[in-house]
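Student: I would like to understand what the words for protein structures really mean. Could we go through one together?
Tutor: Gladly; ask me what makes each term apply.

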Amino acid sequence: MAKNRSRMTIVQIAMKCHVSPATVSRVLYNRPYVAEEIREKVRAEIQRCGYIFCHTSRMGKILVLAPAGETLIHGEYYYEMFNALQSVFQKVGYETVAGRSTVLPMLGNVGFDAVISLAPDEQIFPYWKEHLIAPLIYVNWKKQNQPHCFCIGADHKGALMKVVDLLYRKGHRRIGFLGVGFEIPDNQRPWEEREGFLFAMQQKNLLSNAFQEFTNDQEPHQALTRLLRREITALICPSITEGAKIARILQDLRWRIPEDISIVVGDSAFCNQVNTIPLTAIRMPYEKIAECCCSIVQKKIPPTHEIEYELIERESVGPAPERK
């Protein structure tokens, strides 16, 4: 994480660049009436010395961006993540504003203490790099390290390793993985979950018993059917939105949970309201992610950039049944 190790001040930056402190201030706030050559010179010095601009006393606002085609109230992940960010930042005096990723170029010189992106939208980074000084924080999307650009996320690979370990201890040896979202090229999360699943099965010498199917959000039935034909005794569906749906499909097909098959899903605030059995789940560490984002805005180094999931054991995982 970039840090103001040199303890530089605006006055010192102004002296280095042979300009007035007011000019440096105008560059920091992205205000007009600064020659482009001078603006680039000041920005280069800011980047060189690792100066982190904090304008909390003037702004006190955090912009949270969702994907361009979504609103924050659609999809539990975005809803839960925004609520966690709002709660954490409110405690330290920030106002949290929600918007779509397409709104950033339209904001002009409207100031924010940080921009937090829940989307991998490629238009965000170049606009931020060109126009904004406030930190850019990607949540659950990895980006190449840049000054003032940070990535905070959950340990998706480690979460699936925890799940496989739990199922192994329960006697399961034929385990299915149903991934959702693989049709999106930049969707890193399901690929990391898949890698965690395969690595854990390999460590337990069960790689030949690791059965995978991938689907989109609309057609999970066929993928599930193919997995069930493999005579699996346990199923992992880490998708937050699809996990509960898969459990209901299993019950509609007269599969008893966990007598016939155990299932682990991505944790959802609503999944156990629509299923007859409480589902074992991996819970996204929303609050801890939000706290790390807040630490960055306050110019503190977060304890980690990759945060562990919580594995919540419920009644949908039991001993492996015998297959004839």
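Student: Which residues on the other side of helix 1 are exposed?
Tutor: They are M15 and K16. Exposed means over 50% relative accessible area, buried means under 20%, and partly exposed is in between, with a 1.4 Å probe and protein chains only. Before we go on, please note that this is a predicted model, in which local features need pLDDT of at least 70 and side-chain atom pairs count only at pLDDT 80 or more, while totals for chains, interfaces and linings use all residues. Residues are numbered from 1 along each chain as its sequence is written, and side-chain values use heavy atoms, with hydrogens and water left out.

Student: What makes a stretch a helix or a strand, and how many of each are there?
Tutor: Both are DSSP runs numbered from the N terminus: a helix is H or I with at least four residues, and a strand is E with at least two. Counted this way, the chain has ten helices and twelve strands.

Student: Which residues of helix 1 are buried, and why are they said to be on the same side?
Tutor: In helix 1, residues 10–17, the buried ones are I13, A14 and C17. They cover an arc of only 100° around the axis, so they sit on the same side of helix 1. The arc is taken from the directions that run from the helix axis to the C-beta atoms. As a general rule, an α-helix has 3.6 residues a turn, so residues three or four places apart point the same way.

Student: What do the buried residues of helix 1 pack against?
Tutor: They pack against helix 2 (21–28) and helix 3 (36–49). Helix 2 has its own buried residues, T23, V24, S25, V27 and L28, and these pack against helix 1 and helix 3.

Student: Why is I46 called buried?
Tutor: Its relative accessible area is 3%, so I46 falls under the 20% cut-off and is buried. I46 lies in helix 3.

Student: Which residues does I46 touch?
Tutor: Leaving out residues up to four places away in sequence, I46 touches I13, L28, Y51 and H148. A contact means heavy atoms within 4.5 Å. I46 and I13 are 33 residues apart in sequence, yet 7.2 Å apart in space from C-alpha to C-alpha.

Student: How many disulfides are there?
Tutor: A search of the whole structure finds zero. A disulfide here is a pair of cysteine sulfur atoms within 2.5 Å. For C293, the nearest cysteine sulfur is that of C292, 7.1 Å away, so by the definition C293 is in no disulfide.

Student: Is C293 buried or exposed, and how do you know?
Tutor: C293 has 0% relative accessibility, so it counts as buried. C237 also has a relative accessible area of 0% and is buried.

Student: What makes strand 8 covered on both faces?
Tutor: A234 and I236 on one side, and L235 and C237 on the other, are all buried. In general, side chains in a regular strand alternate between the two faces of the sheet.

Student: Why are strand 8 and strand 9 called paired?
Tutor: Two strands pair if DSSP finds at least two bridges between them. Strand 8 (residues 234–237) and strand 9 (residues 262–266) have four bridges in the parallel sense, so they meet that definition.

Student: What makes a β-α-β unit right-handed, and which elements form one here?
Tutor: With the strands pointing away from the viewer, the path from the first strand over the helix to the second must run clockwise. Strand 8, helix 9 (residues 243–252) and strand 9 make such a right-handed unit.

Student: What is the order of the open sheet of six strands, and why are strand 2 and strand 11 at its edges?
Tutor: The order is 2-1-3-4-5-11, with parallel pairing. Strand 2 (95–100) and strand 11 (306–307) each have a single partner strand, so one side of each is left without a neighbour in the sheet. For strand 11, strand 5 (residues 149–154) pairs with it over two bridges in the parallel sense, and A154 stands opposite I307.
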